[in-house]
Amino acid sequence: MSKKPNKIVFWVLRIVPAVILLQTLFFKFSAAEESVYIFSKLGIEPWGRIGSGVAELIAAILILIPATTGIGAFIGLGVIAGALVSHLTLLGIEVLGDGGQLFIYALIVFLSSALLVFFEKDKLLSFIKRDWILKS
């Protein structure tokens, strides 16, 4: 059984990545210059921008709901891993003179989500087992 941190730390681990994920949605969904540049450079504009925005919205909402925090963190971890790989391979740490701010936000979301997945691993495993047993 995983030992969870105290309630305040656990809420901070949930709120911080959710706020970062939700905050970036405006830029993705409004086709802000920086978002269009990023996804054009990746060769997946506009559908990659919109799709990742939808995935981030779902992840953020699930992270904030106590019963689904682990699932949301797992989704967030996957989405943000893609962002980090993109920064490290194609985009660079700094994008359009942002001083690495987007990269730092991605690291914060990645670390917070990884900790949430770790703390929620028992719930995640029981969800997976229950889902597989019901479908068998």
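Let's start with a pair of charged side chains: Arg49 forms a salt bridge with Glu45, and their closest N and O atoms are 2.9 Å apart. A salt bridge here is a side-chain nitrogen of Lys or Arg within 4 Å of a carboxyl oxygen of Asp or Glu. Before going further, note that this is a predicted model, in which local features need pLDDT of at least 70 and side-chain atom pairs count only at pLDDT 80 or more, while totals for chains, interfaces and linings use all residues. Residues are numbered from 1 along each chain as its sequence is written, and side-chain values use heavy atoms, with hydrogens and water left out.

The two partners of that opening pair sit in different surroundings. Arg49 is buried, with a relative accessible area of 6%, whereas Glu45 is partly exposed at 26%. The cut-offs are under 20% relative accessible area for buried, over 50% for exposed and in between for partly exposed, using a 1.4 Å probe and protein chains only.

By the salt-bridge rule, the count comes to three. Another of them joins the side chains of Glu56 and Lys28, at 3.1 Å from N to O. This pair links distant parts of the chain, with Glu56 in helix H3 and Lys28 in helix H1, 28 residues apart. Both Glu56 and Lys28 are buried. Lys123 and Glu120 also meet through their side chains in a salt bridge, 3.4 Å from N to O. Of these, Lys123 is partly exposed at 39% relative accessibility, and Glu120 is buried at 2%.

Helices (H or I, at least four residues) and strands (E, at least two) are DSSP runs, numbered from the N terminus. Two packed helices are described by the angle between their axes and the distance between the axes. The axes are lines fitted to C-alpha atoms, for helices over the stretch in contact, and angles run from 0 to 180 degrees between N-to-C directions.

Helix H1 (residues 7-29) packs against helix H3 (residues 47-64) at an angle of about 155°, with the axes 9 Å apart. H1 and H3 are therefore roughly antiparallel to each other; angles under 35 degrees count as roughly parallel, over 145 as roughly antiparallel, 65 to 115 as roughly perpendicular and the rest as oblique. H1 passes H3 in a left-handed crossing, meaning that the near helix is turned anticlockwise from the far one by less than a right angle. Residues making the contact (heavy atoms within 4.5 Å) include Trp11, Arg14, Lys28 and Phe29 of H1 and Arg49, Gly53, Glu56 and Leu64 of H3. By class, the contact of H1 with H3 has 14 nonpolar, three polar and four charged residues. In this scheme Ala, Val, Leu, Ile, Met, Phe, Trp, Tyr, Cys and Pro are nonpolar, Asp, Glu, Lys and Arg are charged, and the others, Gly among them, are polar.

H3 also packs against H4, at an angle of about 150° and with the axes 7 Å apart. That makes H3 roughly antiparallel to H4. H3 passes H4 in a left-handed crossing. The contact includes Ser52, Glu56 and Ile63 of H3 together with Thr69, Gly72 and Val79 of H4. Its residues divide into nine nonpolar, four polar and one charged.

Finally, look at Ser86, in helix H4 (residues 69-91). Ser86 counts as buried at 15% relative accessibility. Leaving aside residues up to four places away in sequence, Ser86 touches Leu42, Leu91 and Gly92.
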